[in-house]
Amino acid sequence: MAQPLEMHEDRLLPSEPGRRAVARALYAQVKDLPIISPHGHSDPAWYADNIAFADPSRLLIIPDHYLLRMLYSQGVALERLGVPRRDHGPAEEDPRRIWRLFAEHYHLFRGTPSRLWLDYALYHLFGVRQRLAPDTAEAIYDQISDCLARPEFRVRELFRRFNIEVLATTDPPLSDLEAHRRIAAGDWPGRVLPTFRPDPVVDPEAPGFPENLARLGRLTGQDTGRWPGYLKALAERRQFFVRMGATATDHGHPSARTCDLAAADCQRLLDGALAGGLHPEEAEAFRGQMLMEMAKMSLEDGLVMQLHPGSWRNHNLLLYQRFGPDMGADIPTPTNYVQDLKPLLDRLGNEPRLTLILFTLDESAYSRELAPLAGHYPILRLGPAWWFFDSPQGMLRHRRSMIETAGFYNTVGFNDDTRAFASIPARHDLSRRLDCAYLSELVCDHRLAEDEAAELAVDLAYNLAKRAYRL
Amino acid sequence: MAQPLEMHEDRLLPSEPGRRAVARALYAQVKDLPIISPHGHSDPAWYADNIAFADPSRLLIIPDHYLLRMLYSQGVALERLGVPRRDHGPAEEDPRRIWRLFAEHYHLFRGTPSRLWLDYALYHLFGVRQRLAPDTAEAIYDQISDCLARPEFRVRELFRRFNIEVLATTDPPLSDLEAHRRIAAGDWPGRVLPTFRPDPVVDPEAPGFPENLARLGRLTGQDTGRWPGYLKALAERRQFFVRMGATATDHGHPSARTCDLAAADCQRLLDGALAGGLHPEEAEAFRGQMLMEMAKMSLEDGLVMQLHPGSWRNHNLLLYQRFGPDMGADIPTPTNYVQDLKPLLDRLGNEPRLTLILFTLDESAYSRELAPLAGHYPILRLGPAWWFFDSPQGMLRHRRSMIETAGFYNTVGFNDDTRAFASIPARHDLSRRLDCAYLSELVCDHRLAEDEAAELAVDLAYNLAKRAYRL
Amino acid sequence: MAQPLEMHEDRLLPSEPGRRAVARALYAQVKDLPIISPHGHSDPAWYADNIAFADPSRLLIIPDHYLLRMLYSQGVALERLGVPRRDHGPAEEDPRRIWRLFAEHYHLFRGTPSRLWLDYALYHLFGVRQRLAPDTAEAIYDQISDCLARPEFRVRELFRRFNIEVLATTDPPLSDLEAHRRIAAGDWPGRVLPTFRPDPVVDPEAPGFPENLARLGRLTGQDTGRWPGYLKALAERRQFFVRMGATATDHGHPSARTCDLAAADCQRLLDGALAGGLHPEEAEAFRGQMLMEMAKMSLEDGLVMQLHPGSWRNHNLLLYQRFGPDMGADIPTPTNYVQDLKPLLDRLGNEPRLTLILFTLDESAYSRELAPLAGHYPILRLGPAWWFFDSPQGMLRHRRSMIETAGFYNTVGFNDDTRAFASIPARHDLSRRLDCAYLSELVCDHRLAEDEAAELAVDLAYNLAKRAYRL
């Protein structure tokens with residue numbers, strides 16, 4: 001029998017009445033603030049073309065690696081979820097059947113943030129009032145389909161309705177940013193900015209690295225086979241991104257390793273990288289040197305750096321061969337920041353004009369490494385709880401483990417970090433609720449006055465992100 | 001002055017009245033469910049012989065390494081607790097004196113799960129109504145002694161009274177399972193199953209490894225000095241366990257290391273192991289290869305695998321020399337799953353018919369490794385909070401760190417993992433209470449509806465264990 | 001507009017009314033107990049000379065590396081805070097300007113323990129009733145200045161007013177303990193004891209190690225270039241400290257490494273250390289051997305050992321060159337106790353007369369290593385939450401992660417560990433409140449009876465420290 005879908009106004013706020021009252025008052029002040037989304041993975045072409053989303057499954061299920069991973073872990077083949085195979089083998093194409101399959105497994109998401117994000121979107125975006133389940137799947141599919149066909153569900157209108165003040169995409173370094181160009185040239189008032197993500201041209205283990213550098217050379221007229229020309233070409237590309245509105249770079253390295261090598265060593269590594277002959281340790285050194293070079297360039301061009309280390313990409317060999325990347329098979333690894341960042345901090349850690357935002361998938365580094373580092377070095381800031389930890393308990397651990405050492409003002413507010421457009425308001429709302437819950441803890445412990453908590457709630461929801469990302 | 005011993009009906013449920021009401025309602029639905037005990041260390045001969053327990057100290061103190069470790073840490077010599085010395089030196093033999101000594105130190109267990117388990121058994125099993133202390137020790141000793149002399153305190157009657165639906169023991173690989181055979185042959189309706197624990201014949205550092213393999217060869221008629229014969233012999237032993245009712249294997253390796261070696265390398269390692277000449281790194285590779293072989297055999301015979309890695313056994317050299325193993329001197333070590341399991345996952349991680357249940361003594365792996373792995377790979381499931389973490393806060397950390405990423409359905413319910421028979425109901429009750437407490441948190445956060453929480457409470461207490469262990 | 005400064009009587013106690021009532025009752029029993037301060041860094045000369053503190057900034061800001069690190073992380077130059085440069089470059093000298101600068105940045109400390117400690121001192125010690133902020137900075141400065149000029153704010157009077165029963169300083173091994181001698185010779189009843197901190201003469205990487213050993217030789221008449229003479233000299237120095245009232249040693253090594261080397265190897269390492277030619281790994285072995293030697297000497301002279309490992313001192317190269325040590329640039333590193341302490345535990349772990357108190361900056365070791373070790377080895381005790389974790393959430397994590405395995409009686413109460421004299425009562429009060437909050441959790445979970453919690457509250461606040469440190 002169908003169960004109602006409810007969105008309790010106090011969800012995620014503390015249940016103890018005294019704390020709940022404080023948290024409620026704080027949340028009331030931030031729930032309607034505009035969304036600052038300084039880091040995410042939506043496609044800029046959506047905004048340039050003002051697309052309509054195709055169907056419920058292509059909007060909500062197929063692109064969401066959080067959903068794919070969980071379903072796959074319980075024996076649901078990705079083909080049945082409509083994920084295309086690299087060998088063009090058969091995969092489900094009927095979005096309605098995919099939706100039904102998903103509904104049959106919706107109970108798997110109990111207790112996960114995916115459930116919270118989806119229910120929020122179903123309720124607030126599409127007006128669904130019944131819980132998704134096998135017996136409600138069809139009706140809900142129809143209801144969403146009806147919505148998606150209407151003009152007010154095109155992406156620009158949703159962007160406005162979501163109250164997004166500014167949103168950054170993540171873009172490849174060789175991109176011509178054509179979609180961004182079209183957005184800028186048009187009269188749509190939405191603010192969508194690119195982010196410079198140079199992994200394909202700074203990681204010698206990236207697919208096609210030599211070809212990427214050849215293209216980089218052609219694009220910039222620099223000799224990317226020589227260290228100085230290579231750096232110059234990168235600096236030019238960054239300048240192009242800056243001209244197109246970028247305020248940040250993003251770096252997805254396997255570790256936080258940084259290096260400070262002599263120029264001759266750099267050239268030698270570059271030669272090896274172009275010849276495809278670097279040992280893993282040399283590749284690691286190359287990436288480490290490139291983080292240093294990126295930091296030096298940031299000193300010049302003002303781009304804020306983001307470092308997202310510690311993900312073992314495509315850990316499941318078979319799945320990668322069959323479906324490619326981003327299928328929910330990326331697994332965290334232990335990450336050391338104190339040792340690995342030392343070369344960069346030795347050279348640039350005290351630069352007042354540089355900002356390096358650190359993320360982690362290794363929560364043991366929160367209190368041992370990240371908070372002490374960010375609570376000392378002027379260039380360091382702490383990114384929000386990332387990926388698996390972008391969840392209620394994950395956020396609480398992040399706050400409770402780091403604020404006491406690093407304070408609030410070495411943090412940078414929230415990132416939704418999503419390619420699931422429909423989930424953006426849900427994610428920001430969840431973050432705001434959890435921050436108010438955390439602040440209410442400090443208020444009710446009498447560690448913080450209510451006027452200070454109110455100021456911090458707005459800082460965490462809005463000001464800190466704008467400031468840290470120079471938006 | 002004697003203090004009362006009380007068992008509050010709401011113990012371990014949240015103290016905030018709103019959450020307590022929800023937790024109470026959930027607990028009411030699970031408290032009387034039958035016990036599924038798929039992993040433990042009780043002696044099958046107890047059930048075959050329907051033994052009576054000797055005295056309070058031999059039942060409750062001497063076999064419990066949790067108690068021994070704590071008392072030893074505070075200067076109580078193990079001899080005084082009746083633990084026999086290997087050199088047959090003097091040790092206390094009077095159970096009443098051991099009991100008195102224990103009572104004098106009972107305050108050491110404040111805040112520990114041992115205290116909860118013992119108080120539960122004293123109260124519910126033996127009807128004790130005064131707190132154990134020096135001034136009540138004698139009377140309580142007498143009260144328990146009286147009970148143990150009565151027929152309704154023989155082990156089969158307790159098994160029935162505890163409402164155990166099925167219980168698995170842990171058995172050596174060369175065992176003839178004679179006790180299990182007798183249980184099966186009799187007319188007692190209790191269901192007691194063996195578990196195949198092959199450490200003595202797959203770990204080249206196990207005491208007497210070459211002799212064990214010789215015996216394995218004799219038992220199976222295989223040439224265990226040759227790799228194919230060795231594997232065949234193991235497969236036969238597993239088949240024997242399957243015929244005797246086993247549904248699972250258990251592996252107690254020092255790390256989670258797995259290997260996928262060529263046959264020639266396997267033979268070379270086996271030769272070295274039989275000659276007693278493996279370097280530690282080779283021994284580690286041997287064990288890693290054997291986990292792979294066990295997994296391949298599980299694909300054939302359907303036995304569920306359990307991996308309990310990361311305990312440094314017998315860390316206290318002197319104590320081991322004097323008293324032998326299992327004296328409370330096993331200490332956890334950092335454990336890496338993402339790297340170590342890769343060879344096995346590469347080969348078998350996507351097999352729908354295989355189940356590998358992971359345990360850990362390294363809580364930093366919960367959110368960084370175990371939940372992301374289990375939330376993706378179809379073969380992986382998460383064992384309950386193990387050993388030191390089989391405790392209220394330990395269970396909460398386990399749930400809070402993993403459910404958001406792995407969901408509930410990649411977990412396997414509770415294991416009591418005990419050789420302390422009298423503590424079985426206490427341990428299951430504690431687990432059920434803590435799960436209801438955790439679920440009430442999700443309900444009161446409005447992350448989960450009450451009907452879903454009710455379903456999950458039963459799953460966590462009963463269904464998940466039956467399903468995961470194929471019982 | 002100025003905001004009031006309030007000290008709520010229930011601060012840091014749980015907000016749920018049921019738990020709060022229990023916590024309040026417990027706290028009432030401990031709040032006025034005398035302070036036992038067995039580990040700290042105040043200057044014994046203060047007490048010998050009964051000094052008056054110079055001004056608010058020199059009392060509360062300049063010596064506090066917690067404050068310096070946070071201000072520096074947000075771009076405040078240390079020169080502007082009055083920290084003297086090694087090159088005698090300009091630094092602010094006007095304490096009032098430093099105070100104003102600090103007040104402008106006081107919001108940075110929201111949510112940190114520094115804020116709690118400072119507010120406590122402002123309120124209780126100096127009678128301040130307005131929150132520190134730019135508009136109240138002047139008035140508060142004046143108010144504190146007035147106090148500091150009065151005789152009842154001299155250090156001995158504060159010592160009495162703080163109700164300190166005994167306080168230990170931390171002293172260099174070559175010190176003549178002249179201040180301690182003067183305290184002992186006078187008629188002041190305050191009990192101030194030295195602690196033997198031998199790092200400068202047992203760490204071959206300490207600045208001036210060869211010179212330190214030469215001085216050690218001269219002081220003791222021993223040949224410190226020969227291993228036996230070196231050990232004898234150290235034993236003599238320890239004896240001197242014992243005669244002056246010391247009950248403990250303290251060891252600030254980069255790791256927990258211990259060694260058990262042959263005498264010839266020891267001499268070889270000593271030769272290398274004196275020649276300044278040890279490799280880092282040899283230096284590590286030297287320090288590891290010296291922990292072993294110190295433990296052996298403790299068996300003789302009864303000094304309790306404290307091990308504070310895992311801090312990467314002076315991680316910020318530039319800052320160290322400009323200002324020297326203790327500027328808030330010490331960063332934790334991963335620390336392994338199970339492997340590193342094995343040699344010492346193998347030799348001395350079962351000695352009933354030895355006590356080794358362990359601290360950590362790596363919280364992942366709490367449940368994985370420290371609690372299981374201390375819950376077994378008779379010589380081991382757990383120090384309180386240290387440094388960055390000397391904070392409300394840090395203390396709760398410490399208790400919740402360790403008590404269930406190690407129990408309360410393997411812990412040693414609280415250390416204030418401070419050179420900020422004015423913060424001593426604030427730190428002890430915070431610790432007592434948090435322990436009562438934790439105990440109330442156990443009581444309301446019905447894991448502990450109220451009479452037991454009351455006993456434990458006094459133990460944690462008073463008895464355990466006295467007993468562990470043999471005071």
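This is a predicted model: local features need pLDDT of at least 70, side-chain atom pairs count only at pLDDT 80 or more; totals for chains, interfaces and linings use all residues.
## Overall build of chain A

Chain A contains 20 helices and nine strands, and its C-alpha trace spans about 70 × 60 × 45 Å along the principal axes. The radius of gyration of chain A is 23 Å, which agrees with the value near 23 Å that a compact globule of 471 residues would have.

Of these 471 residues, 56% count as buried. Among the contacts in chain A that link residues at least 6 apart in sequence, 76% join residues at least 24 apart.

## The pair H11(A) and H12(A)

Helix H11 (residues 209-220) of chain A packs against helix H12 (residues 227-243) of chain A at an angle of about 65 degrees, the two axes lying 10 Å apart. Because angles of 65 to 115 degrees count as roughly perpendicular, H11(A) is described as roughly perpendicular to H12(A). Their crossing is left-handed.

On the H11(A) side the contact involves A:Leu216, A:Gly217 and A:Thr220, which meet A:Ala233, A:Glu236 and A:Arg237 of H12(A).

## The contact with chain B

In the interface, 41 residues of chain A are in contact with 39 residues of chain B. Several elements of chain A each supply at least two residues to the side that touches chain B, namely helix H4 (65-73), helix H6 (113-125), helix H15 (317-323), strand S7 (331-332) and helix H18 (392-406). The largest share, four residues, comes from H4(A).

The residues on this side of chain A divide into 18 nonpolar, 16 polar and seven charged.

Conventions
Residues are numbered from 1 along each chain as its sequence is written. Chains are lettered from A and ligands numbered from 1 in the order in which they are written. Axes are lines fitted to C-alpha atoms, for helices over the stretch in contact, and angles run from 0 to 180 degrees between N-to-C directions. Angles under 35 degrees count as roughly parallel, over 145 as roughly antiparallel, 65 to 115 as roughly perpendicular and the rest as oblique. A crossing is left-handed if the near helix is turned anticlockwise from the far one by less than a right angle, and right-handed if clockwise. Two residues are in contact if their C-beta atoms, placed from the backbone, lie within 7 Å. Ala, Val, Leu, Ile, Met, Phe, Trp, Tyr, Cys and Pro count as nonpolar, Asp, Glu, Lys and Arg as charged, and the others, Gly among them, as polar. The radius of gyration is taken over C-alpha atoms; the globule rule is 2.2 Å times the number of residues to the power 0.38. A residue is buried if 20 or more other C-beta atoms lie within 10 Å of its own, exposed if 12 or fewer, and partly exposed in between; C-beta atoms are placed from the backbone.
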